[in-house]
Amino acid sequence: MRVAVVGATGAVGQEILKVLEARNFPLSELRLYASPRSAGKTMVFRGEAIPVEPLPEGPLPVDLVLASAGGSLSKALAPVWAQGGALVIDNSSAWRYEPHVPLVVPEVNRERIFQHQGIIANPNCTTAILVMALWPLHRAFRAKRVIVATYQAASGAGAKGMEELLRETHRYLHGESPVAEVFAHPLPFNVIPHIDTFQENGYTREEMKVVWETHKIFGDDSLRISATAVRVPTLRAHAEAVSVEFERPVSPEAAREVLAQAKGVEVVDEPLARRYPMPLTASGKWNVEVGRIRKSLAFENGLDFFVVGDQLLKGAALNAVQIAEEWLKGP
Ligand SMILES: NC(=O)c1ccc[n+]([C@@H]2O[C@H](COP(=O)([O-])OP(=O)(O)OC[C@H]3O[C@@H](n4cnc5c(N)ncnc54)[C@H](OP(=O)(O)O)[C@@H]3O)[C@@H](O)[C@H]2O)c1
């Protein structure tokens, strides 16, 4: 199994390397690609320094490509890599909405992996974290309506997003006015209800991704979903406040039992002991944390809960590697 990581030096790419190593992924050769800016760099994998190569335009000499170098690059090159014989698992949004491209969270729709035609898409990070909690509850109680507000970390905008938050916080604390290049406004000591571009319906593309992608992953367009996506000044791990109305009767106790059995989910729900999901506790974890589970005061058969997941892991690198692992195991 010869593996290429395209975008290896980025926020997601660096995590892919760590996940491949930590999970002992069965690879015989690893090639790392990035832009010409990274020429001369090396990255350490299993104790060995591997050179970062400039990405060529043609096929790559590998069996599996894990791509996280942006949408336009994937749009242009993923078909070339696939035609060259590699399976491409793509972290960008370039292929997610193509009907012939599976959009996969293995805990939800593993079977779609085996319908690929060379490219498999990894979902948007906010969606991946939401569905980890929503899918087991949906199976048990049939969700009808979902309202979600997100609290998204700076690293969702890549390595540059993290750097901007740290740099501008430092400037602010030294009496200077923070400026914004990556984000729409200065992020330190602020929250910004604007991620990605505004659509005709008044929602942002990030918000609509949650709707479109949850429908595709669940294979069910009837679920009604509204999202508000907000950038907050945390470094890592996205948090989401979720309200769900179900068809069937539900209780917080029953929901906790269902979630306790769900793979990839950790119930962290002891509010009196100050234990609930938070970015600081979820960062670096493979599981998503779910807690603050309570009966909705707004919906009949409703629940409110809080879910937090490391979006560089379950929202990107870990999910991509899990797809590859399941692909190797076979149907
Ligand atoms: N950050 C997240 O939480 C997250 C989650 C899910 C999905 N994604 C998606 O994953 C992708 C990468 O995101 P990221 O956050 O890792 O971004 P990032 O930190 O900005 O990293 C981008 C990577 O792409 C490489 N790259 C850029 N232009 C290139 C080119 N022309 N040729 C070859 N390599 C090039 C960069 O190389 P250099 O270092 O050489 O510039 C770097 O390795 C995006 O499509 C993003 O939407 C991100």
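Which residue in β12 stands opposite Val 267? Val 290 in β12 takes that place. The model is predicted: local features need pLDDT of at least 70, side-chain atom pairs count only at pLDDT 80 or more, and totals for chains, interfaces and linings use all residues. Residues are numbered from 1 along each chain as its sequence is written, and side-chain values use heavy atoms, with hydrogens and water left out.

**The sheet**

- An open sheet is formed by six strands in the order β9-β8-β10-β13-β12-β11, with mixed pairing.
- Strands (E, at least two residues) and helices (H or I, at least four residues) are DSSP runs numbered from the N terminus, and two strands pair if DSSP finds at least two bridges between them.
- The edges of this sheet are β9 (224–228) and β11 (265–267), each of which pairs on one side only.
- From one strand to the next, the twist averages 25 degrees.
- Strand β11 runs parallel to β12 (residues 288–295), and three bridges join the two.

**The helix across the sheet**

- Helix α6 (residues 205–218) lies across β8 (143–151) and β9, and runs at about 150 degrees to β9.
- Axes are lines fitted to C-alpha atoms, for helices over the stretch in contact, and angles run from 0 to 180 degrees between N-to-C directions.

**Residues with positive phi**

- Most residues other than glycine have a negative phi.
- Ala 237, which is not a glycine, has a positive phi near 85 degrees.
- Ala 237 is located in the loop between β9 and β10 (238–246).
- Ala 237 counts as buried because its relative accessibility is 0%; buried means under 20% relative accessible area, exposed over 50%, and partly exposed in between (1.4 Å probe, protein chains only).
- Arg 292, also not a glycine, has a positive phi of about 50 degrees, and lies in strand β12.
- Arg 292 has 35% relative accessibility and therefore counts as partly exposed.

- Ala 153 is in the loop between β8 and α5 (159–173).
- With a relative accessibility of 0%, Ala 153 counts as buried.
- Apart from neighbours within four places in sequence, Ala 153 is in contact with Arg 231, Val 232, Thr 234, Leu 235, Arg 236, Ala 237, His 238 and Gln 311; contact means heavy atoms within 4.5 Å.
- Ala 153 and Arg 231 are 78 residues apart along the chain, and 6.2 Å separates their C-alpha atoms.
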